[in-house]
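Visitor: I would like to go through the pockets, cavities and ligand site of this protein. Could you take my questions one at a time?

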Amino acid sequence: MNWYDKAIVYQIYPKSFQDTNNDGIGDIQGVIKRLDYIKNLGFNTIWLNPIFVSPQVDNGYDVSNYFAIDPILGDMDDFTEMMTKAHKLGLHIILDLPINHTSDQHPWFKDAISNPNSIFKDYYIWHNQVDGHEPNNWGSFFGGSVWEKNPNDTNEYYFHLFDKRMPDLNWKNPEVQKSVADIAKFWLEKGVDGFRLDAFIHVAKAKLEQDSLIQGEEFPVDDTFYAKRPEVKDYLAGFVRDIKEYKPDAFLFGEASSANALNAADYTRSNENCCDVVVNSGNYGEVYDDSNPDIPSFFRTRKLSLDSLKKTYVTWESVLANISLPTLTWGNHDISRVLDRLNLPFNDDKLTKLLAMMMFLQRGIPVIYYGEEIGMHGLKYQKVSDFDDQRAVDLVNNLEKKSFDDKDILQLLNNQDEMTARGPMQWDSSEYRGFSSKQPWNWGQTDETNVSDEVKDSNSIMMFYKELLNIKKHDCFTNGDYQLLITDPKIYAYLRTTSSCSGIVLANFSDESKKFKLPDNKWKKVLANQAIKITNGVLTLDSWGCCALESKK
Ligand code: GLC
């Protein structure tokens, strides 16, 4: 067993977590200041979104120097201090490593684009124009074409799946594979415990000389040409081998946003030099409102469907059984916060606790986005023009052309846009929520939820999380097999079993109280979001009630 099989991950968006030098931007000293908080809640692993030098076109995912810390966040001394203090507390640190692309300000790209004989030319993907336009019609994830003209050679284009200032690396080139492995080794030497492999499923591209046949858009986003291609594993094999040879227990946590369970199994087979686990961005049991095709799916209104949630986890749990651990998450920095996104029937502590218990006691690695543990909502912005991220700007342009009302666009953005999820951590009730004394770099309306109030309240969401993460460490909830229990359609019930103990988790997703017959009379409650009653082996759950029970063998 590896340490990461027991990982309980806290995701920190460093720019928004804690500002200590009062420039309105979070920093590494801020992470250091809060290590005790994280440890005390029961986490054992921290994933930091990118901290390398970056022009911040995509908040750090556009790296111009992989060997230093971005000065807005601190310096290498801060980093070393953070590593030492985290390790002393028993906390592992994983860095987010963008491997699919660099910034256009990276020296490799600057040389490649300006020097026709550059040894770095083949580090990127180029193609001549075809009939005076882009080499193909493939669409970028951030809108428009994946191709951008080389300003120094108008006959030529370079490839970018994300922003045009983020050129894609050419992973076919073994020098690229080796150079990225060198970056990883540099950080392993500094003590990091693993990496989130950002966008790794995109490193291989299909033959460039072909168009997408998707109709209706000039540049359709068409995953078939640049996601989960068979060559991904070949390209990554050497890189992963290098990392594991250097540090066998380095945790490789692959980001595979569009992966299904079968893909996840394929990427995590232990003998195949890819990832230890993968995280995707769709396991939330969401059903989308597809009534208006003008709204791209990312921004469509969603609702939580218990049926779809059950199907999703039954599939992931069964496909990955005996292969790897699923990741258990309600969200991350790329989508709005769970309490805003799912259009829940109401918002209150009870429901928030139910979502947490149901999700994190399943078999797998909990990955909890900062602020979720206090029931934080996203920022609310006042006007459409407050949103300046690439995806939002693209949406606004498109919907304004189609005469959508600004009020409706604002609502879509406030409910779905990722920037709402990247607001400052709410530490206390002061003007900027204890995050900074200066207006935060990303700021809108927030509610009153905050850590300092919740610490004082033994019934708070935060205190519930603390108990929940402690229970997660019990043998049955860490190591047990997972089995869905067939019961009332409005109850999510599952059993976790090892040879020495069993756990049952029950969550009532309805407004009515529900009864559940326990298998025998040996079950003891370990945590619940309300008082529960067990009479003659029948447990009664109030509306939106949840509980976890254990039985020793
Ligand atoms: C991943 C990150 C996202 C970023 C993209 C490009 O999907 O999670 O935030 O924009 O990769 O690096």
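**Pocket, cavities and ligand site**

Guide: In this predicted model, the second largest pocket has a lining of 28 residues, and those nearest its centre are Asn-322, Ile-323, Ser-324, Leu-325 and Arg-363.

Visitor: How much space lies in the second largest pocket?
Guide: The lining of this pocket divides into 12 nonpolar, 8 polar and 8 charged residues. The space in the second largest pocket is about 520 Å³.

Visitor: Which domains each give at least three residues to the lining of the second largest pocket?
Guide: The domain assignment lists domain 1 (3–98 + 250–468), domain 2 (107–159) and domain 3 (480–552). At least three lining residues come from each of two of these, domain 1 and domain 3.

Visitor: How far apart are the C-alpha centres of domain 2 and domain 3?
Guide: Domain 2 covers 107–159 and domain 3 covers 480–552 in the assignment. Their C-alpha centres are separated by 57 Å.

Visitor: How much space lies in the largest cavity?
Guide: There are 2 cavities of 30 Å³ or more in the structure. The largest cavity holds about 60 Å³.

Visitor: Which element gives the most to the lining of the largest cavity?
Guide: The lining consists of Trp-330, Val-338, Leu-339, Thr-352, Leu-355, Ala-356, Glu-372, Gly-375 and Tyr-465. Two or more of these residues come from each of helix H9 (338–341) and helix H10 (349–360). With 3 residues, the element that gives the most is H10.

Visitor: How many residues of that lining are nonpolar, polar and charged?
Guide: Among the lining residues are Trp-330, Thr-352 and Glu-372. By class, the lining of the largest cavity comes to 6 nonpolar, 2 polar and 1 charged.

Visitor: Which residues line the second largest cavity?
Guide: The second largest cavity contains about 50 Å³ of space. Its lining has 4 nonpolar, 4 polar and 1 charged residues. The residues are Tyr-13, Pro-14, Lys-15, Asn-49, Pro-50, Gln-56, Asn-59, Gly-60 and Leu-73.

Visitor: How many residues of the shell around the ligand are charged?
Guide: The shell is made up of Asp-58, Tyr-61, His-101, Phe-142, Phe-162, Arg-196, Asp-198, Glu-255, His-333, Asp-334 and Arg-422. By class, 3 of them are nonpolar and 2 polar, and the number that are charged is 6.

Notes
Residues are numbered from 1 along each chain as its sequence is written. This is a predicted model: local features need pLDDT of at least 70, side-chain atom pairs count only at pLDDT 80 or more; totals for chains, interfaces and linings use all residues. Side-chain values use heavy atoms; hydrogens and water are left out. A residue is near a molecule or strand if one of its heavy atoms lies within 4 Å of it. Ala, Val, Leu, Ile, Met, Phe, Trp, Tyr, Cys and Pro count as nonpolar, Asp, Glu, Lys and Arg as charged, and the others, Gly among them, as polar. On a 1 Å grid over the protein atoms alone, a cavity is a set of points where a 1.4 Å probe fits but cannot get out, and a pocket is an open set with protein on both sides within 12 Å along at least five of seven lines; lining residues have an atom within 4 Å of a point. Grid points are joined across faces, edges and corners, and a volume is the space filled by probe spheres set on the points. Domain bounds come from an automatic or database domain assignment. Helices (H or I, at least four residues) and strands (E, at least two) are DSSP runs, numbered from the N terminus.
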